[in-house]
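This report goes through selected parts of one structure, topic by topic. Please keep the sequence and the 3D view at hand while reading.

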Amino acid sequence: MASPNLSEIVTTTLRNRSKTLSDNVSNHNALLRRLRENGNQTSVTGRDIVRELEYADNGTVQFYSGYETLDVSPSDVLSAAVFDYKQLAGNVSISGLEQIKNSGTEAIINLLEARINVLEKSMMNSLSTSLYSDGTGTSGKEVGGLQLLVADAGTGTVGGINSSTFTFFQNVQTTATSSAFSVANVQTDMNTIYLQLVRGADSPDLVMAGTNAYTAFLGSLQAIQRITSDDMARSGFTSLQYLNSDVVFDSACNTNRMYFLNTDYLRLEVAASRDFVPGEAKMSVNQDSLITPMFWSGNLTCSNRALQGVIHT
């Protein structure tokens, strides 16, 4: 080989970039950024990803007088949703001929930097797009995104819980007026679904919108002063403000969807040993090339679907 220490160079370079890659992925997507800011991007271990659910009130709570007997019966108020790990990988490779043509440590690192940049963008785009999926892509191998957790029908099986049977785990959904997002009706539709998602101090804090949904909302504000979110704008996101929520445009979001999210109950669970971690650099068994993989594993989870909503067409 042109460089006997090439495998160490590749692995070290990837390892040094893995934290940067993780940060860039979060900052590349408004939903991930909000989850991380709220401390809801967490590291997990174990066979499955388990989220505890509060699905009922404690039935022993009562007003009483004097020596009246109090209810001390046990209350079954907790359950759990179980999510599978999803896996994402990409590779950086360099051939023997490329090693010869790019001889010298600095030349090789420059070549690797360029290819790692492409790997970063590719993995960011794949994960960001998957966050809006229903989890059935590539034969069910991708992340279960918002089309699963905040489904158009409001039902479905999420985390092993069939919400048609256990209705407490259904999300709120509604069809846009006249089955289309329009300047005339979008704010009425937003008001209707927003109020269904308010529970005391709990309310949506993030609205993710596709092209048609965001365009309609933007148009509805043209006649008044436009209110923007400075925080999201500084991060490069096209955003507006609606009540207590940032309304953010995301090209990865379905063009006719507007998701109302309470991010306190959403979490990106990342496997502790697979948060964009490089694998061992190895020579191909049938080619003159060195290949180094990069791995990510985890899933997007929800512990309260009843406080998540979607407007769709």
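## Terms and model

A residue is called buried when its relative accessible area is under 20%, exposed when that area is over 50%, and partly exposed in between. The model described here is predicted.

Strand E8 spans residues 206-209, and both of its faces are covered.

Strand E8 pairs with two strands described here. With strand E10 (residues 245-249), E8 pairs in the parallel sense over four bridges. Ala-209 has Phe-249 as its bridge partner in E10. With strand E11 (residues 257-261), E8 pairs in the antiparallel sense, also over four bridges. Here the bridge partner of Met-208 is Tyr-259 in E11.

## Aromatic pairs

A pair of aromatic rings is described by the distance of the centres and the angle of the planes. How many aromatic pairs does the structure hold? There are seven aromatic pairs. One of them is formed by Tyr-194 and Tyr-242, with 5.5 Å centre to centre and 85° between the planes, an edge-to-face arrangement. Tyr-194 belongs to helix H7 (residues 186-196) and Tyr-242 to strand E9 (residues 239-242), so this pair ties together parts that are 48 residues apart in sequence. Tyr-194 is buried, because its relative accessible area is 5%. Tyr-242 is likewise buried, because its relative accessible area is 6%.

Tyr-214 and Phe-249 form a tilted aromatic pair, with 5.8 Å centre to centre and 55° between the planes. This pair links distant parts of the chain: Tyr-214 is in helix H8 (residues 211-220) and Phe-249 is in strand E10, 35 residues apart. Is Tyr-214 buried or exposed? Tyr-214 has a relative accessibility of 6%, so it counts as buried. Phe-249, at 26% relative accessibility, counts as partly exposed. Phe-249 is also the residue in E10 that bridges to Ala-209.

The volume of the second largest pocket is about 210 Å³. Its lining consists of 15 residues, and those nearest the centre of the pocket are Asp-84, Lys-86, Leu-148, Gly-159 and Asn-299.

Which elements supply at least two residues each to this lining? They are strand E3 (78-83), helix H6 (146-149), strand E5 (157-158) and strand E14 (289-302). By residue type, the lining divides into six nonpolar, six polar and three charged residues.

## Helix H2

Helix H2 covers residues 30-37 and is mostly covered, with six of its eight residues buried. The buried residues in H2 are Ala-30, Leu-31, Leu-32, Arg-33, Arg-34 and Leu-35. Gly-39 follows H2 and has a positive phi, near 75°.

Most residues other than glycine have a negative phi. Which value does phi take in Thr-138? Phi of Thr-138 is positive, near 45°, and Thr-138 is a residue other than glycine. Thr-138 is found in helix H5 (residues 137-140). With a relative accessible area of 59%, Thr-138 is exposed.

Ser-139 is found in helix H5 as well. Phi of Ser-139 is also positive, near 60°, in a residue other than glycine. Ser-139 is exposed, because its relative accessible area is 72%.

## The loop at Phe-166

Phe-166 has its place in the loop between strand E6 (161-162) and strand E7 (172-175). Phe-166 is partly exposed, with a relative accessible area of 45%. From C-alpha to C-alpha, Phe-166 and Thr-155 are 9.5 Å apart in space, and they are 11 residues apart in sequence.

## Cysteines

The structure holds zero disulfides. Two cysteines can be described by their accessibility. Cys-253 is buried, because its relative accessible area is 4%. Cys-302 is buried too, with a relative accessible area of 0%.

Notes:
Residues are numbered from 1 along each chain as its sequence is written. This is a predicted model: local features need pLDDT of at least 70, side-chain atom pairs count only at pLDDT 80 or more; totals for chains, interfaces and linings use all residues. Side-chain values use heavy atoms; hydrogens and water are left out. A disulfide is a pair of cysteine sulfur atoms within 2.5 Å. Buried means under 20% relative accessible area, exposed over 50%, partly exposed in between (1.4 Å probe, protein chains only). Two strands pair if DSSP finds at least two bridges between them. On a 1 Å grid over the protein atoms alone, a cavity is a set of points where a 1.4 Å probe fits but cannot get out, and a pocket is an open set with protein on both sides within 12 Å along at least five of seven lines; lining residues have an atom within 4 Å of a point. Grid points are joined across faces, edges and corners, and a volume is the space filled by probe spheres set on the points. Ala, Val, Leu, Ile, Met, Phe, Trp, Tyr, Cys and Pro count as nonpolar, Asp, Glu, Lys and Arg as charged, and the others, Gly among them, as polar. Rings of Phe, Tyr and Trp (its six-membered ring) pair if their centres lie within 6.5 Å; planes under 30 degrees apart count as stacked, over 60 as edge-to-face and the rest as tilted.
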